[in-house]
Amino acid sequence: MSVVVARRVSCPLLFVLTLWLSTLCSYSRAASVPGSVSLNSLTFDKVVSKHKAVLVKFDETYPYGDKQDQFKDVAKRSVSQKDLLVAEVGIQDYGDKDNSDLGDRFGVTKDDFPALKLFLQGEDAPIDYEGEITSSNILAFISEKAGLWIGNEDCLEDFDTLARKFVKGSEEDRTAILEEAEDKVEKLESELEQRAGNIYVAILKKMKEKGNDFPNTETERVKVLMEKKITDEKKALFQARLNILSSFKSLLSQSGTKEEL
């Protein structure tokens, strides 16, 4: 009797367990990249029309590799800009061919994957991204075409704007920009903003003194310091410095400014 009961219980349990594992695996594969949303043929127009700018990646259903990692970084950094939405459309070329109609509509084929298109509110046609698939280049493209600032964590929009002018400016320009940055720091209200502003000013001073390679050398120095035994407060300060240094490095890369000898 006990053996029969065990069999009756085990079969339903096995079925439920199998179904749960199958559902979990399917969900994990189809889950959106953090910071992005998945769109399909039914939701695409509803969602895209409600945002000032939407970057859509048309790709295979389950993408992976370096290009996907770069896209993940774009999605993560996009959360700092409320007027920007980052989205994905997974296109199947087999079975039900999900979202293949969207591929046809926007001229995207399997050979184009991943295809990035920027949709701007009020514009009929999207703008194709044709550059190298790196997060810094993609974010620069969005900033240029949509007029939106997308900063790293701990970064400040006004100071990133000054930094952009600084990396392109003459020695005379840099002196004036540094003075402007120092004035702005005094007007910052929150403690975190003041901390960030002071980091910007310190980097600007060092770049003026040592040249454009300072963000690279300083990044390596700070990384070494972070590996040592330090307080949580110091670690947060160093991380903020790295985030702001990363912004400078990205600006230098975009401007094509070479290291000063």
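Leaving aside neighbours within four places in sequence, N99 is in contact with L39, N40, S41, V89, G90 and I91, where contact means heavy atoms within 4.5 Å. The model is a predicted one, in which local features need pLDDT of at least 70 and side-chain atom pairs count only at pLDDT 80 or more, while totals for chains, interfaces and linings use all residues. Residues are numbered from 1 along each chain as its sequence is written, and side-chain values use heavy atoms, with hydrogens and water left out.

N99 is found in the loop between β3 and α4; helices (H or I, at least four residues) and strands (E, at least two) are DSSP runs numbered from the N terminus. With a relative accessible area of 11%, N99 is buried, a term for values under 20%, with exposed meaning over 50% and partly exposed the range in between (1.4 Å probe, protein chains only). The backbone of N99 has a positive phi of about 65 degrees, although N99 is not a glycine. K97 lies in the loop between β3 (84-90) and α4 and has a positive phi of about 55 degrees, again without being a glycine. At 46% relative accessibility, however, K97 counts as partly exposed.

The peptide bond from F113 to P114 is cis, with omega near -10 degrees. K57 itself lies in strand β2 (residues 53-59). Although a lysine, K57 is buried, with a relative accessible area of 3%.

For the protein as a whole, there are ten helices and five strands. Of its 261 residues, 38% count as buried. Among contacts with a separation of 6 or more, 68% are accounted for by residues 24 or more positions apart.

The axes of helix α6 (residues 157-168) and helix α7 (residues 171-187) come within 9 Å and cross at roughly 170 degrees; axes are lines fitted to C-alpha atoms, for helices over the stretch in contact, and angles run from 0 to 180 degrees between N-to-C directions. This makes α6 roughly antiparallel to α7, since angles over 145 degrees count as roughly antiparallel, those under 35 as roughly parallel, 65 to 115 as roughly perpendicular and the rest as oblique. On the α6 side the contact is made by D158, F159, L162, K165, F166 and V167, and on the α7 side by R174, I177, E180, A181, K184 and V185. These residues divide into seven nonpolar, no polar and five charged, with Ala, Val, Leu, Ile, Met, Phe, Trp, Tyr, Cys and Pro counted as nonpolar, Asp, Glu, Lys and Arg as charged, and the others, Gly among them, as polar. V167, found in helix α6, counts as buried at 3% relative accessibility. V167 and S253 are 86 residues apart in sequence and 9.9 Å apart in space, C-alpha to C-alpha.

Grid points are joined across faces, edges and corners, and a volume is the space filled by probe spheres set on the points.

A search of the whole structure finds one cavity of 30 Å³ or more. The largest cavity has a volume of about 170 Å³. Of the 15 residues lining this cavity, R77, I150, R164, L251 and Q254 are the closest to its centre. Helices α5, α6 and α10 each supply at least two residues of the lining, which has five nonpolar, seven polar and three charged residues.

The second largest pocket has a volume of about 350 Å³. Its lining also consists of 15 residues, of which D73, R77, N152, E153 and N243 are the closest to the centre. The elements giving two or more residues to this lining are α3 (66-78), α5 (135-146) and α10 (232-255). The largest share, five residues, comes from α10. By class, the lining of the second largest pocket has one nonpolar, nine polar and five charged residues.

Key. On a 1 Å grid over the protein atoms alone, a cavity is a set of points where a 1.4 Å probe fits but cannot get out, and a pocket is an open set with protein on both sides within 12 Å along at least five of seven lines; lining residues have an atom within 4 Å of a point.
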